[in-house]
Each structure stands twice: as structure tokens, then as C-alpha cells.
Amino acid sequence: MSLAWQHSREGGGRFAIWLIRAAGLYLGRGFARAALYPITLYFYWRRPEEKRCIRDFYRRVQGRPASAWQVLKQIHAFSCTILDRVYLLSQGLERFDIEVHGEEQPQAILASGRGMLLLGSHYGSFEALRALSIRDAAVKLRVVLDKQQTPALTRLLEELAPDVGRDAIDIAEGVVPAMLTMADAARQCHMIALLADRPRAGEATRLAPFIGDPAPFPTGPWQVAASLGVPVVLCFGTYLGGNRYRLDFEVFEDKVTLPRQQREAALDALVTRYAARLEHYARAHPGNWFNFFDFWQPPAMDVVRSGNTAESC
């Protein structure tokens, strides 16, 4: 599969991201949000591939391509969540109205003396889940990310919250070091958060039904879950407009096991269940779908169809 999302350029570059950050911090959130309207128009005209993918996504969800207004709203919502990262990292929750559902489930896991794996997606704001660790200093959040994918954005956000940068687990440094760090974090009862909807280059994937057609999902998160042996909790941070967000936590599995003889079937079941939950939220709030590439792109040899027991190395 051509990993189009990994080859797309970082929108706007370092200067544009710095400008948003400076405007947000020194001129106020109102001014910065107003500046997002011309930025939205810029990306609407300058990024035709992303525009095409948004239109296709709405065609799948609502039976017809997105209108120009829906495309603009999608780009603007994404811009808003990027801007809000500045405030979530630098000023905490004081500017936001965050509604949390299912919070007692991860809290119960932590109270039992276990760490957990939080699985999110490029839906809404994954950054909003920091509400848990901000509201409770005893909750330690370790986010797994690839700092090389968006270096400008990563660097600026780390400047806002140096502790977040220190606690992040950079997968770009290598799978083995990252796994060792995650295992250590799990032993210390931390929340380990990673995104489970996009495969990285060279990562095995499996196809699962998703909004009408099979789509490729990475197997890596489930192999990580099986290796760590901690509960898996899904997290969806829905942007509701303005300063409003909704966080939903769902316990997905108390412990993921991948038996040698039934490994492929177990991966099929896990990926299919995850895809179903992601589809539920994407259909309920399509304006929060921020995978601006062909998510259903035809697979190549490294993709395994759900139910097929053959898997390439």
C-alpha cells in the first residue's frame, strides 16, 4: 500500500505553525481563531488532494460527496484542534469545556495497580485526552509518536510543554528502544497512548470492514498490547465546536493474547472490532474525520485481508 499520509508535506511549514502559536499566545484565542478563516481558505485552494479525500469520505458516509461548505468546515475544524493544542499544552483546561464519559474505567484500572494502553485515532483531538492527566497529577501519560513525521509542529509544541516532550516515546528512534520504554512505563502504572488507525512504513496491516469497504489497519498496536499485557482502552476526543470537546473512554480488552496457532484469527477479530468502534464515531461526527488521504487505498502485498491466514513478513 502506498502510505500517502507519510509522504504528504507538513501543511504550512514551520513559519505558519509558529505564526499560529505566536498569535494564540500573545494576541489571544479570539484573534487566533479569526485568523483560521483565511488559513482554511488557503488550504482549501492549495491542497486539492486533501479536498478530494474529504469529498470521498462524505460520499461514503452520507451517500453523496461533501459540498464545498462541508470541506471548508472540515479543514477549519482540524485547524481549530491544532490551535487548541497550544492552549491545552501551555494553559491546561481553563479555556475549555471538556465533557468526559467513561472516565471511571481507566481510573479503576490505575487504582488496581496496572498500567494501560490507550488507543486513539486521527479522529477529533487526541490531545484532549490530556485532560485526565491535567486534572489528576497522579496520572502519568506517555504518548507514543513519530517526531519525524511533523517535526515543525512537534518542536513548537514541545517548546510550550517541555515535560510533555520528555515523557513522549519517539517510535522514530527504533521499535526495540520504544518497546523497552513502553514496558517500563507499564510497570510504573502509566497510561501509554498511541494512534491505531494508520500504518507506518513497513508495518503489516490487515483489512477490516470500514464504512462500506475494506480498509487497511496496522497490526502493530495489537502486538504492542499483547507484549505489554496491560488492559486496552479506546479513547475518542470529539471536537464539538468553540471550546467544547467530548472525551469517550471504552475498555476494549482486559488483556490481549495472540495464541501462536490462532494468531491471524485473533488479529482479525481485534482489528475488526476496533474498526467498528472507529466507524461508530466517524459516522456520528463526520466533521471530526482528520485522515486527509485515501484511507481505503487498494492494498499491496503487505496487507492481509480479514480472515486470510497468510501474512507476509
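## Starting point

Two strands pair if DSSP finds at least two bridges between them. Strands (E, at least two residues) and helices (H or I, at least four) are DSSP runs, numbered from the N terminus. Keep that in mind as we walk through this predicted model, where local features need pLDDT of at least 70, side-chain atom pairs count only at pLDDT 80 or more, and totals for chains, interfaces and linings use all residues. Residues are numbered from 1 along each chain as its sequence is written, and side-chain values use heavy atoms, with hydrogens and water left out.

## The sheet

Let's begin with the overall order. Seven strands make an open sheet with mixed pairing, in the order β1-β9-β8-β2-β5-β3-β4. Its edge strands, β1 (97-101) and β4 (169-170), each pair on one side only.

Now look at β5 (residues 191-195). Strand β3 (residues 141-145) pairs with β5 in the parallel sense over three bridges, and strand β2 (residues 116-120) runs parallel to β5 with five bridges. Alanine 193 in β5 has leucine 118 opposite, and valine 143 also stands opposite alanine 193. Further pairs are leucine 119 with leucine 194 and glycine 120 with leucine 195. Strand β2 is also joined to β8 (residues 232-241) in parallel, by three bridges; there, leucine 117 has valine 232 as its bridge partner.

## Inside the protein

How covered are these strands? A residue is buried under 20% relative accessible area, exposed over 50%, and partly exposed in between (1.4 Å probe, protein chains only). Strand β2 is largely enclosed by the rest of the structure because five of its five residues are buried. Met116, Leu118 and Gly120 lie on one side, with Leu117 and Leu119 on the other. In β5, four of the five residues are buried.

A nonpolar core is a set of buried Ala, Val, Leu, Ile, Met, Phe, Trp, Tyr and Cys residues joined through side-chain atoms within 4.5 Å. The largest one here has 81 residues, and Leu117 and Leu118 are among those with the most contacts inside it. Contact means heavy atoms within 4.5 Å. Leaving aside neighbours within four places in sequence, the contacts of leucine 118 include Phe126, Leu141, Ala193, Val233 and Phe249.

## Out at the surface

For a contrast, turn to leucine 27. This residue sits in the loop between α2 (13-26) and α3 (29-46). Leucine 27 counts as exposed because its relative accessibility is 53%.
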